[in-house]
Amino acid sequence: MARASKTDAREPTLFEVGPAPAPRAALYAEVALNRPVVVQFTYSVPDELSSRVVPGVRVAVPFGAEREVGVVTAIARECTLERVRPIAALLDAEPLVSADLLALTRWIGERYACSWGEALHAVLPAALKRERESAKVIVASPVPGIGAQELAQLEEREPKQHRMLRTLIDIGGRIELRELCRKLNLSDSAARTLHRRGWIRLEKVEADADELETSRAPRPRPASLHPAQQAALTALLEPLEAGHHGAFLLQGVTGSGKTEVYLALIERALALGRGAIVLVPEIALTPQTVGWFRARFENVAVLHSRMTDAQRLRMWQRVRRGEARVVVGARSALFAPMDRIGVIVVDEEHEPSFKQGSTPRYHARDVAIERARESGAVCVLGSATPSLESWSAAQVGALTRLSMPERISGHGFPVIEVVDIRSEPSGPQGHKLFSRRLLLLLREALERGEQAILFQNRRGFAPVLWCPGCKETLRCKRCDVALAWHQRIGRMVCHSCCEEHRSPQACPVCTRPGMRFVGAGSERIELEIQKVAPKARVRRMDSDTMRRREDYEDTLSAFGRGEIDMLVGTQMIAKGLDFPRVTVVGIISADGALHLPDFRAAERTFQLISQVAGRAGRGELPGRIVVQTMSPQHPSIVRAAAHDHEGFAKHESALRAELGYPPHGRLLRLLYEDPSEKLVIDASDAAGEFLREKLVDSEAVVLGPAPAPIAMVRARHRRHLLLKFPSAAAQVEQVLAAVRKLGDSGAKLRATIDVDPVSLF
Ligand code: ADP
Ligand code: ZN
């Protein structure tokens, strides 16, 4: 039963039921709650609600001493349970979750070994997961005049407040508190304290309209499609016209005109009265991309993770009312409440960000195919460098492959030159950041008034601080990672937990002075290239400089207007950018991803080089790419330089087949984490034994338990198990059943279950 104070705090719900015990109900509702339990919970339906409680409505129900919001999944006339509690309140007059989304979330629960309720939780906008909706958000800003002095006071003792105040002063304007906290990996208590001290402002404001809502980048409609585009479109239109499901892999090199194909396909779908969902990686969700769709269609809804709850709810409702028939968004846009879907596009389908990193750990690519199948829609997975999973699905015919091997511009591919950085002469400080070839090309491009992009997939000045005395590197005390040196803020930063430390005067291990900065991050690249090319207008784009969405967008539009000559950045600049005057792209080190302990390391490297290279030579001007590496013979580098995806995929697929890794079988990862190392060891060992026994007659292989590659994060020890099993349905079923039983075994530690994991860290 809800406490009185709680009830008072709520705004009136649609049909509140009084506190008196409900009369014996003859009707029961199964309710899915956001709980990691695979069963639904049963509640009785009070008589006065009996006609209105139907599958898909939200209800508030008592759960223990709490009150929770859940979704009704089924109605029953009978109930075998002894005691059931009544539904406390009905929150919707009509079902909010449609039958197809109910079916889809049930599928997600089964496929990803989570509960139906957890899957439903991913589908609903946050505002609808609470009983009360709020259109207000809290924004933070520094109080004018607050600066160095206050920072100095916080410097020693209050690192969290220091980090927050410094960031706010850096931003110099307002930022939504929730977003700031998420970025800095802090709770809002630091903000509250700073507010009490009178150093920052916290204001409750009405949520603004999302900036992306108004972006409209003109995109001239081509006079006609090129033959390869036309052939792809014809193939895609066939099932659409017939009202059938179809699943396609649109493999088209960067600049081959994939976006035009999507636009033409969606145009036809709209004419047929069907809707469309377009998924793009979060990072590619720029005003430019969104604008292309907005310029072509009326009423495009945009859904992305940086929207406030109120903005997201508004969009969601527009789609639900049928006012927006095209949705463009990141991963979660897949769950837009749209009916009569005709087309689902997953652009850049190989992107790891399509996998959700928290429960439900779904892969948007797989869910997109499932939703399209349920809706009788056409699903298009688009990429220049398809994932091995999709590539092999196309090999066996599960996806129909459509190829667009040439660029629209007709200039062919940009030339990719691989430079062995080991054979370059050392610079004055002994490091070789830029090869002579790259410097020459940069100089020539800048002289001609063209633009360049330098890519380095690491933030900060130097990723490692190293003591030449004892050969130790400085590590975070709470995480199993090296601390990176950030020059501008003068601090060492843990990229895992975001904690900061001041640089030690001497090695903390052997007390000798003279710690060295090893390697280079984007901050160092920016500083060093500025030394080499002092006249160039250089701007850095990484999550340290691009604090707010506006920063990112302002920088890109300045680049588009030619006010910046060179962008230096991390993955933020690897995708989606289409600037015709960019003629030179430098990949400072292609080796970073290559040596990661992950079976997908080679694939990631191949994709990264291809994607970054795709930023050059997109217009009339030819492009040149310099890839700097210490492994110039590595197959993924050699093949990326040769634009040979097919060769790479064949080679890589053969290697994976030998090891039974995806796409030749499936994986499931169980991750145990806890501050107590003993608990983690015991629980993971017990799980290993349990699973080996349960799966003894299956073809599944249980690997581990072993320490996770990052063995500690935020002072929590981490161990994992990996299950490898064939994709055959019966085998998958057996593995999932065993893993689910593990959850019921009453272990003190619950594992994170990750089906088809993308990250193994
Ligand atoms: P992709 O999505 O494969 O990278 P885009 O669809 O963005 O490629 O097309 C690349 C460039 O070619 C864009 O500038 C686009 O306007 C142009 N383009 C695409 N299709 C045509 C066409 N049929 N005729 C002329 N230009 C086109
Ligand atoms: Zn840390």
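Is Cys 497 buried or exposed? I'll start there. Cys 497 has a relative accessibility of 2%, and residues under 20% count as buried, so Cys 497 is buried. Before going on, please keep in mind that this is a predicted model.

Cys 497 is also one of the protein donors of the zinc ion, which is ligand 2. Along the chain, the donors follow the spacing C-x2-C-x14-C-x2-C. If you have the sequence open, you can find that pattern by eye.

What is the geometry of the zinc site? The angles among the 4 donor atoms run from 106 to 116°, and the site is tetrahedral.

Now two residues from one loop. Leu 474 sits between strand 19, residues 464–466, and strand 20, residues 484–486. Lys 471 lies in the loop between strand 19 and strand 20 as well. Lys 471 has a relative accessible area of 54%, and the cut-off for exposed is over 50%, so Lys 471 is exposed. One distance for Leu 474: between its C-alpha and that of Ser 522 there are 20 Å in space, with the two residues 48 apart in sequence.

On to ligand 1. How many residues surround ligand 1? There are 17, and the closest are Ser 224, Gln 229, Gly 255, Lys 258 and Thr 259. Sorted by class, the shell has 4 nonpolar, 8 polar and 5 charged residues. Helix 9, residues 258–271, supplies the largest share of the shell, with 3 residues.

From the side chain of Gln 229, an N or O atom is 2.9 Å from a nitrogen atom of ligand 1. The backbone takes part as well: an N or O atom of Gly 255 is 2.8 Å from an oxygen atom of the ligand. At Glu 260, a polar backbone atom is 3.3 Å from an oxygen atom of ligand 1. On its own, ligand 1 has 560 Å² of accessible area, and the protein covers 78% of that.

Last, the backbone. Most residues other than glycine have a negative phi, and most peptide bonds are trans. Here are some exceptions.

Lys 471, from the loop I mentioned, has a positive phi of about 65° and is not a glycine. Ala 715 is not a glycine either, and its phi is positive at about 60°. Where is Ala 715 found? It is in the loop between strand 29 and strand 30, the latter covering residues 716–725. With a relative accessible area of 34%, Ala 715 is partly exposed.

Then the cis peptide bonds. The bond from Thr 359 to Pro 360 is cis, with omega near -5°. Pro 360 belongs to the loop between strand 14, residues 341–347, and helix 12, residues 364–375. Gly 704 and Pro 705 are also joined by a cis peptide bond, with omega about 10°. Pro 705 is in strand 29, residues 701–713.

That is my part. Questions are welcome.

Terms used:
Residues numbered from 1 in each chain as written. Chains lettered and ligands numbered in written order. Predicted model: local features only at pLDDT ≥ 70, side-chain atom pairs only at ≥ 80, totals over all residues. Heavy atoms only, no water. Donors = N, O, S within 2.8 Å, 3.2 Å for Na, K, Ca; no water. Tetrahedral: all angles 85-135°; square planar, octahedral: opposite > 155°, others 65-115°. Buried < 20%, exposed > 50% of the residue type's maximum accessible area, 1.4 Å probe, protein only. Near = heavy atom within 4 Å. Polar contact = N/O pair within 3.5 Å; in protein donor to acceptor, adjacent residues only side chain to side chain. Areas by Shrake-Rupley, 256 points an atom, 1.4 Å probe, with all protein chains shown as cover. Helix = DSSP H or I, 4+ residues; strand = E, 2+ residues; numbered from the N terminus. Nonpolar A, V, L, I, M, F, W, Y, C, P; charged D, E, K, R; others polar.
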